[in-house]
Amino acid sequence: MTDSERTKYLRIALLLVGLIFIFGIYPLTVIWPSGWSWNPGQSEYLQMILGIYATLGVFLVIASRNPSAHRSLIWFTVWSSIVHAGIMAAQSLANTQYMGHLWGDVLALFVVAIVLALLTPRGQAVRAA
C-alpha cells in the first residue's frame, strides 16, 4: 500500500470511528446492552463514557482532515483503546455476567486500535511527511 493510499484509508477510518464514537455508542447500549452497557439503564457511568467518547469522536473527525498533524491524538486513541479494552476484557472474564462485552465493546475497541495503528504512518513515512 502506498503512503497516499494509507493516508486515504486512515482519513476514512478516523472519520468513521469519530462518527461512531459521537453517534453510535449510545444506540448500541440500547440495542445490545449485554455487549455495550455495563450497568442497567442510564447510569452516571454510561453518561460519563458517552461524553468522553463523543468528545474524542469530535477530535477524530477533525483529525481526519489532516492525519499527519494529529498523530499524537491517533496514537492516544490506539493506546487508550488497548488499555480500556484490556481492562474490560479482564473484568468480563472475572465476572461472567459481563461475558457479552468480549464480543461487543471489548472487540470493537481492539479493532479500532488495530486499524488505526496499521494505517498510521511510522518511521520513515513520518519523516517524509
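What percentage of the 129 residues in the chain is made up of buried residues? Buried residues account for 37% of them, where buried means under 20% relative accessible area, exposed means over 50%, and partly exposed covers the range in between (1.4 Å probe, protein chains only). The model is predicted, so local features need pLDDT of at least 70 and side-chain atom pairs count only at pLDDT 80 or more, whereas totals for chains, interfaces and linings use all residues. Residues are numbered from 1 along each chain as its sequence is written, and side-chain values use heavy atoms, with hydrogens and water left out.

**Figure 1. Overall fold of the chain.** The chain holds six helices and zero strands, and it reads α-α-α-α-α-α along the sequence; helices (H or I, at least four residues) and strands (E, at least two) are DSSP runs, numbered from the N terminus. Because its radius of gyration is 16 Å, close to the 14 Å given by the globule rule for 129 residues, the chain is as compact as a globular protein of that length; the radius is taken over C-alpha atoms, and the rule is 2.2 Å times the number of residues to the power 0.38. The C-alpha trace spans about 50 × 25 × 20 Å along its principal axes. Among contacts with a separation of 6 or more, 74% join residues 24 or more positions apart, contact meaning heavy atoms within 4.5 Å.

**Figure 2. Surface and charges of the chain.** The accessible surface comes to about 7500 Å², and carbon and sulfur atoms contribute 69% of it; areas come from the Shrake-Rupley method with a 1.4 Å probe, and for residues only the protein chains shown count as cover. The mean positions of the 7 positive and 4 negative charges are 14 Å apart, with Lys and Arg counted as positive, Asp and Glu as negative, and His and the chain ends not counted. Each charge is placed at NZ of Lys, CZ of Arg, CG of Asp or CD of Glu.

Figure 3. Not counting residues up to four places away in sequence, L60 touches L14, V17, G18, F21, L73 and T77.

**Figure 4. S64 and S68 between α3 and α4.** S64 lies in the loop between α3 and α4, and S68 is found in the loop between α3 and α4 as well. S64 counts as buried, at 8% relative accessibility, whereas S68 counts as partly exposed, at 37%. Leaving aside residues up to four places away in sequence, S64 touches R11, L14 and L15. The C-alpha atoms of S64 and Y26, 38 residues apart along the chain, are separated by 22 Å, while those of S68 and A13, 55 residues apart in sequence, are 14 Å apart.

Figure 5. L102 lies in the loop between α4 and α5 and counts as partly exposed, at 21% relative accessibility. Apart from neighbours within four places in sequence, L102 is in contact with A89, S92, L93 and L107; the C-alpha atoms of L102 and A89, 13 residues apart along the chain, are separated by 6.1 Å. G86, found in helix α4, is partly exposed, with a relative accessible area of 31%. G86 and A54 are 32 residues apart in sequence and 21 Å apart in space, C-alpha to C-alpha.
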